[in-house]
Amino acid sequence: MTRSTAGERIMVALDLEAREALDVARSLVGIVRWAKVGMTLFYREGPDIVRRLADLGFEVFVDLKIHDIPHQVELAAAGLARLGAGMMTVHAAGGSAMVDAAVSGVRRGASESGVSPPAVVAVTVLTSIDDSSLAAIGVERPVTEQVPLLARVARAGGADGVVCSPHEAARMRGLFGEAGYVVCPGIRPAGSEADDQARVATPHAALLAGASHLVIGRPITAAASPASAAMRIIDEIEGAKTWQES
């Protein structure tokens, strides 16, 4: 894997205030391809933050984990497509009809705006969740069974891929094939401190398992030099084998 290829696989989670998020993003131009806008940034700053990041040259991953009735999801997805998002998330737990509505929405919104539709990826089980957490909300299946079940729901609805922990990446790659998106949060470079995510892995391990994209936040955004931190991660995975090469 070349350095440029490694940078295209990293999605930097900008869970910051707008000014700081844009400062970090500017420092990463030309180093990583994707900027992730989650609830923290989107709800604080509004849709314009997506346009501003796109204007800097980033593909923007809008991670709002939409979960509602299909009609509302279709309208929301159309709106995100009009903003120029490159990828968006829905919860697979909303069902295949809801996922299908999101896919229809991004296509309609993109067509109306003359842009390419964003990819729709479905969240399976959050990386903060383990088997005991599932049991506490009445889901008796373990994570290893719940993730594939939800992934099949997402695939039936036409999703382009899934969001899952690196621990489930290999099975997701098998379900979605070579072209599918397997987006993995819970990525922690070697030597990182533990935090609130339960199912984590190093960048190298996630790529080897089947990840297409790695969501990395605090190890980059909280560093004294986000650009240097990103470059260290790129160096860590440069030359590493991926699922395609194993």
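Select His 91 in strand 4 (residues 87-91); strands here are DSSP E runs of at least two residues, and helices are H or I runs of at least four, both numbered from the N terminus. This is a predicted model, in which local features need pLDDT of at least 70 and side-chain atom pairs count only at pLDDT 80 or more, while totals for chains, interfaces and linings use all residues. Residues are numbered from 1 along each chain as its sequence is written, and side-chain values use heavy atoms, with hydrogens and water left out.

Is His 91 buried or exposed? His 91 counts as buried because its relative accessibility is 18%; buried means under 20% relative accessible area, exposed over 50%, and partly exposed in between, with a 1.4 Å probe and protein chains only. Now show its contacts (heavy atoms within 4.5 Å). Beyond the neighbours within four places in sequence, His 91 touches Lys 65, Ile 66, His 67, Met 98, Val 123 and Leu 126.

Follow Met 98 into helix 6. Met 98 is one of the buried residues of helix 6, and others include Val 99, Val 103 and Val 106. Among the elements covering the buried residues of this helix are strand 3 (59-66), helix 5 (70-83), strand 4 and helix 8. Step past the end of helix 6 to Gly 114, where phi is positive, near 70°.

Go back to Val 123. Val 123 stands opposite Val 163 in strand 6. Strand 5 and strand 6 (residues 161-163) pair in the parallel sense over 3 bridges; pairing requires at least two DSSP bridges between the strands.

8 strands close it in the order 1-2-3-4-5-6-7-8, with parallel pairing. From one strand to the next, the twist averages 25°; axes are lines fitted to C-alpha atoms, for helices over the stretch in contact, and angles run from 0 to 180 degrees between N-to-C directions.

Next, select helix 9 (residues 169-176). Helix 9 lies across strand 6 and strand 7 (181-184), at about 160° to strand 7.

Move to Gln 146 in helix 8 (residues 143-156). Gln 146 counts as buried because its relative accessibility is 9%. Its side chain makes a polar contact of 2.8 Å with the side chain of Arg 141; such a contact is a pair of N or O atoms within 3.5 Å, and within protein one must be able to donate a hydrogen and the other to accept it, with residues adjacent in sequence counting only if both atoms are side-chain atoms.
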